[in-house]
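Subject: Structure handover

Hello,

Please find the structure below. My notes on it follow.

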Amino acid sequence: LEKITLYMLENMQTSNSFFQPYFEILPRNISHIPIFWSDEELEFLEASHLLDDIVKRQNLLKESYDSLCKLKGFASHFSFKDYCYVRIIVASRNFGIFLNGSHVSAMVPLADMLNHNTPPDVKWTFEDALNSFTMRANNNIASGKQIMDSYGKKDNDKYLLFYGFSLKNIED
């Protein structure tokens, strides 16, 4: 994921990048991800092991950033905030696929916008014969219905840690 992060950081600064239309549709605000929560929001997790997981994740991001800062010019071009934004975008939106016999991570514009549900409405894979990432419906999907994917089997705390939740979404 680090290579994709570096690639995206570099290309997001290039207005004529082939991927610029994709970069433009990515969410700008990812404050719903717990590593970005305020101290007030984190208080809701007091005495929860999830709070420790959030701190560990924050520390890992800082360690990764500090390691990359050893590369000439990295720190002057990319702030820690920029790095965290792109790294979280990559972590929450990549697809694990097999390509030429190797398991790799890939960013798949538009496919990464599907919300989570079990069971998913689609099955996805990289098809060597087509040289393409494909998604196929598992069943008939009614017109106007949201198409759902699965983010994998995880405990609820991992869904929260990696994909977030906003208290602003709760209606009174």
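Is Cys69 buried, partly exposed or exposed? Cys69 counts as partly exposed, because its relative accessibility is 26%. Please keep in mind that this is a predicted model.

On the cysteines: there are 0 disulfides in the structure. The cysteine sulfur closest to that of Cys69 belongs to Cys84, and at 11 Å it is too far away for a bond. A pair would have to lie within 2.5 Å to count as a disulfide.

On surface charge: Asp39, Glu40, Glu43 and Glu46 form a negative surface patch. One of these residues, Glu43, sits in the loop that runs between helix H3 (39-42) and helix H4 (49-68). Glu43 counts as exposed because its relative accessible area is 55%.

On the overall fold: the protein has 7 helices and 6 strands. Along the sequence their order is α-α-α-α-α-α-β-β-β-β-β-β-α. Taken along the principal axes, the box filled by the C-alpha atoms is roughly 45 × 45 × 30 Å.

Regards

Methods:
Residues are numbered from 1 along each chain as its sequence is written. This is a predicted model: local features need pLDDT of at least 70, side-chain atom pairs count only at pLDDT 80 or more; totals for chains, interfaces and linings use all residues. Side-chain values use heavy atoms; hydrogens and water are left out. Buried means under 20% relative accessible area, exposed over 50%, partly exposed in between (1.4 Å probe, protein chains only). Patches are made of residues with over 30% relative accessible area and no salt bridge: like charges are joined within 9 Å, nonpolar side chains (Val, Leu, Ile, Met, Phe, Trp, Tyr) within 5 Å. Accessible areas come from the Shrake-Rupley method with a 1.4 Å probe; for residues, only the protein chains shown count as cover. A salt bridge is a side-chain nitrogen of Lys or Arg within 4 Å of a carboxyl oxygen of Asp or Glu. Lys and Arg count as positive and Asp and Glu as negative; His and the chain ends are not counted. The place of a charge is taken as NZ of Lys, CZ of Arg, CG of Asp or CD of Glu. Helices (H or I, at least four residues) and strands (E, at least two) are DSSP runs, numbered from the N terminus.
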